[in-house]
Amino acid sequence: MEDALQLVRNIVPPLTAKKHKGQDGRVGVVGGCREYTGAPYFAAISALKVGADLSHVFCTQEAAPVIKAYSPELIVHPVLDSPDAVHDVGKWLPRLHALVVGPGLGRDDVLLSNVKDILEASKARGIPIVIDADGLWLIAQQPALIQGYQKAVLTPNHVEFSRLSEAVLGDPLDGQDRRGAVLRLSQALGNVTVVQKGERDVISDGKQVLECSQEGSGRRCGGQGDLLSGSLGVLVHWALQAGPERTDGFSPLLVAAFGACTLTRQCSHQAFQKHGRSTTTTDMIAEVGPAFSRLFET
Ligand SMILES: NC(=O)C1=CN([C@@H]2O[C@H](COP(=O)(O)OP(=O)(O)OC[C@H]3O[C@@H](n4cnc5c(N)ncnc54)[C@H](OP(=O)(O)O)[C@@H]3O)[C@@H](O)[C@H]2O)[C@@H](O)CC1
Ligand SMILES: Nc1ncnc2c1ncn2[C@@H]1O[C@H](COP(=O)(O)OP(=O)(O)OP(=O)(O)O)[C@@H](O)[C@H]1O
Ligand SMILES: [Mg+2]
């Protein structure tokens with residue numbers, strides 16, 4: 001654990017007067033619909049709190065004013081259900097360092113079809129993509145969408161992992177061998193990085209397996225996974241920018257994923273110490289700064 005933490009510290013960019021706004025990360029979150037506005041907000045604000053300079057949300061028209069009202073810090077585009085959705089998101093892609101696809105996306109067929117085309121356009125540009133929540137639903141329907149794309153990280157929870165495993169390997173989940181199951185899924189997807197969240201988080205790029213057992217808390221309130229995927233959006237950019245020499249031969253995406261898991265669990269731990277059973281994801285987001293300093297700036 002300590003060795004892997006050091007690798008995360010190695011990818012954190014220094015804060016200097018020589019940089020301009022945007023250099024430490026412009027992240028886009030694709031998600032947010034009538035039912036779910038909290039999830040894309042949690043992901044996008046977490047990216048900012050970890051250290052991205054700009055955080056965009058691409059959501060449906062209806063969700064946009066709600067998400068804007070949560071925070072003046074987010075740039076919110078009400079485009080995902082428009083007939084020109086792919087064009088409207090596509091014109092921002094050249095300016096984005098990473099995309100987080102899925103938090104609060106929902107499962108509407110029109111939205112998923114737009115997201116499919118957005119994924120294709122992002123891959124063509126080589127943009128790193130974190131796929132979570134309903135984005136993983138889409139991947140379970142069409143694994144070919146992400147097959148072999150080495151700049152993708154999937155962040156399934158228990159149920160999402162079983163669904164993917166069934167779709168890709170035809171296997172019901174083997175609960176006994178989580179490391180083997182994650183390794184196999186990653187290999188079958190052509191070395192896409194997979195983060196299986198749970199009591200311990202198991203991470204693999206199809207070659208190596210890391211486990212994160214940082215102390216979290218017993219609270220299982222919704223939104224913690226969104227904090228993880230949003231944080232990972234920034235860390236993936238930082239890790240790729242730092243390159244494999246700073247990650248000691250480990251895949252940069254593996255190191256970024258380990259960082260996001262450790263950070264999320266530490267936020268949960270710190271928030272729980274203050275708020276106990278009433279802890280919510282908003283309390284965890286308030287801990288991102290202190291948790292980050294404690295883990296990665298020592
Ligand atoms: N505030 C917001 O806007 C938030 C919005 N969110 C958004 O919601 C959308 C749907 O996402 P989702 O994760 O709720 O997925 P879904 O497939 O409906 O599965 C839910 C069911 O799966 C089960 N289950 C879950 N974990 C399990 C486990 N470890 N082990 C075993 N079972 C487990 C459990 O089933 P049950 O216990 O009821 O049988 C649970 O009810 C997505 O867009 C997401 O981003 C969330 O991000 C939260 C905050
Ligand atoms: N049993 C557990 N014990 C400790 N930590 C856990 C446990 N299950 C999940 N976590 C942690 O909670 C965070 C979110 O994981 P979870 O499985 O709840 O994601 P999720 O279901 O996608 O969340 P969301 O509600 O945001 O969709 C991860 O950092 C994970 O490490
Ligand atoms: Mg989730």
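**View 1. Polar contacts between ligand 1 and the protein in the predicted model.** In this predicted model, a polar backbone atom of Gly104 is placed 2.9 Å from an oxygen atom of ligand 1.

**View 2. The shell of residues around ligand 1.** Ligand 1 is surrounded by 16 residues, of which the closest are Ala39, Gly104, Arg107, Asp134 and Asp226. By residue class, the shell around ligand 1 divides into 6 nonpolar, 6 polar and 4 charged residues. At least two residues of this shell come from each of helix 2 (38–50), helix 6 (133–141) and helix 7 (158–169), and helix 7 gives the most, with 3 residues.

**View 3. The surroundings of ligand 2 and its polar contacts.** Around ligand 2 there are 14 residues, and the closest are Asn157, Lys197, Asp201, Gly223 and Gly225. A polar side-chain atom of Lys197 lies 2.6 Å from an oxygen atom of ligand 2, while an N or O atom in the side chain of Asp201 is 2.7 Å from an oxygen atom of the ligand. For Arg220, the contact involves a nitrogen atom of ligand 2, which lies 3.3 Å from a polar side-chain atom of this residue. Taken alone, ligand 2 exposes 620 Å², and 78% of that is buried by the protein.

**View 4. The pairing of strand 1 with strand 2.** Strand 1 (residues 26–30) and strand 2 (residues 54–59) run parallel and are joined by 5 bridges. Within this pair, Gly28 has His56 of strand 2 as its bridge partner. In general, the strands of a sheet pair through backbone hydrogen bonds, in either a parallel or an antiparallel manner.

**View 5. The whole protein chain, as context for the close-up views.** The secondary structure of the protein chain comprises 12 helices and 9 strands. Its radius of gyration is 17 Å, close to the 19 Å that the globule rule gives for 298 residues, so the protein chain is as compact as a globular protein of that length. The C-alpha trace of the protein chain spans about 50 × 50 × 40 Å along its principal axes.

Terms used: Residues are numbered from 1 along each chain as its sequence is written. Chains are lettered from A and ligands numbered from 1 in the order in which they are written. This is a predicted model: local features need pLDDT of at least 70, side-chain atom pairs count only at pLDDT 80 or more; totals for chains, interfaces and linings use all residues. Side-chain values use heavy atoms; hydrogens and water are left out. A residue is near a molecule or strand if one of its heavy atoms lies within 4 Å of it. A polar contact is a pair of N or O atoms within 3.5 Å; within protein, one must be able to donate a hydrogen and the other to accept it, and residues adjacent in sequence count only if both atoms are side-chain atoms. Helices (H or I, at least four residues) and strands (E, at least two) are DSSP runs, numbered from the N terminus. Ala, Val, Leu, Ile, Met, Phe, Trp, Tyr, Cys and Pro count as nonpolar, Asp, Glu, Lys and Arg as charged, and the others, Gly among them, as polar. Two strands pair if DSSP finds at least two bridges between them. The radius of gyration is taken over C-alpha atoms; the globule rule is 2.2 Å times the number of residues to the power 0.38. Accessible areas come from the Shrake-Rupley method with a 1.4 Å probe; for residues, only the protein chains shown count as cover.
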